[in-house]
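This report describes the features of one protein model in running text. Please look at the sequence and the structure before reading on.

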Amino acid sequence: MDNSLLDDYILCSRLRNQKQKKSAVKKDFEKQLIQLAKLEEELLHKRRTLPLVPLATPYQKGWQRNFALREDIARSKESLFYKTLLEKINTVQYSSDKSFKKKKKRKRKHVYVEKLQIVKEFSESEWRSPKLALTDKERMHFYKSERWCPNYKRYKVHYIFSEPWRYVLRVRPNMITHTKMVDAVLEGEIDRISNYITNHFLRNSMIKIAHGSVNYWRGNNKELKYQNPLDNKQIHTIMDEYYKEKQYLNKESLNSKDKKYNGK
């Protein structure tokens, strides 16, 4: 067969070259990972939606603490408004100790300090979201504040409730009255898929296909080069760096003078 006829035959046929074969294998592998991720998410969703089963004998497991209306606020005319608002911004903490204290190291000693608990704050994205259940009147009781976020290395906006004194903390026993239903077949299927992903090191590839990068949650830190390098540094740290740099420069100048003198 003539070479020109052979080239025409290859072009007209559906034969794929080496590059197209590798690309097809890669696409097929990515499709399988996508289907595997969907199956895992579906099984996890089924486990999350399993109903609660009441216990025959409820038992206490530690203590819980949340906010409640002050007595004088509960007797005022605005009690219904602040009670409705509390349902949207209330927070709950759990502890094995009724005093709600945690261990903290202070002056090389371990002391117990009370845990901090505040009503819910809203981030800028939550505040602008149409899913936010606050009314216009309730929004007027919040103020805007900027706070340094060490995880993202930048300032983030928060909306804070301006009248937290209207609520007081209330401690109650944490009673366990229901337990989650357990489906043995579903748990076995979830464990099988999780073990397969872990043993074949597929988790990073699945995250990369879904989000474009394994570190997608770290946020965008492009604004770092525009920030002042002295921000969030204590004064003694700045002075130590200054004196160390000054001492280094003095040594460099003395060495340069000695070299000139020895050269002459």
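Helix α2 (residues 18-48) holds both E42 and K46, which are four residues apart, about one turn of the helix. Helices here are DSSP runs of H or I with at least four residues, strands are runs of E with at least two, and both are numbered from the N terminus. The model is predicted, so local features need pLDDT of at least 70, side-chain atom pairs count only at pLDDT 80 or more, and totals for chains, interfaces and linings use all residues. Residues are numbered from 1 along each chain as its sequence is written, and side-chain values use heavy atoms, with hydrogens and water left out.

A salt bridge means a side-chain nitrogen of Lys or Arg within 4 Å of a carboxyl oxygen of Asp or Glu. By this rule there are 12 salt bridges.

| E41 | R48 | 3.0 Å |

Burial is judged by relative accessible area: under 20% is buried, over 50% is exposed, and anything in between is partly exposed (1.4 Å probe, protein chains only). E42 is partly exposed because its relative accessible area is 42%, and K46 is partly exposed at 42% too. E41 has a value of 44% and is therefore partly exposed. In the pair E163 and R166, both residues are buried.

## The nonpolar cores

A nonpolar core is a set of buried Ala, Val, Leu, Ile, Met, Phe, Trp, Tyr and Cys residues joined through side-chain atoms within 4.5 Å. The largest one has 18 residues, and I89, F122, F142 and Y167 have the most contacts inside it. At least two residues of this core come from each of β1 (52-69), α4 (79-89) and β7 (154-161). Helix α4 gives the largest share, five residues. A second, separate core has 10 residues, including L43, L50, L186 and M206. In soluble globular proteins, nonpolar side chains tend to be buried together.

Which residues does F122 touch, leaving aside its neighbours within four places in sequence? Contact means heavy atoms within 4.5 Å. The contacts of F122 are I89, W127, L132, L134, F142, V157, H158 and Y159.

H141 lies in the loop between α6 (136-139) and β6. With 14% relative accessibility, H141 counts as buried. Beyond its neighbours within four places in sequence, H141 is in contact with F81, Y82, I160, F161, S162 and E163.

## A hairpin and positive phi values

Strands β3 (residues 101-106) and β4 (residues 109-114) run antiparallel and are joined by six bridges. Two strands count as paired if DSSP finds at least two bridges between them. K103 has Y112 in β4 as its bridge partner. The two strands form a hairpin with two residues between them, and K107 in the turn has a positive phi of about 55°.

Most residues other than glycine have a negative phi. K153, in the loop between β6 (142-149) and β7, has a positive phi near 60°. At 42% relative accessibility, K153 is partly exposed. F201 also has a positive phi, about 55°, and sits in the loop between α7 (184-199) and α8 (203-211). F201 is exposed because its relative accessible area is 71%.
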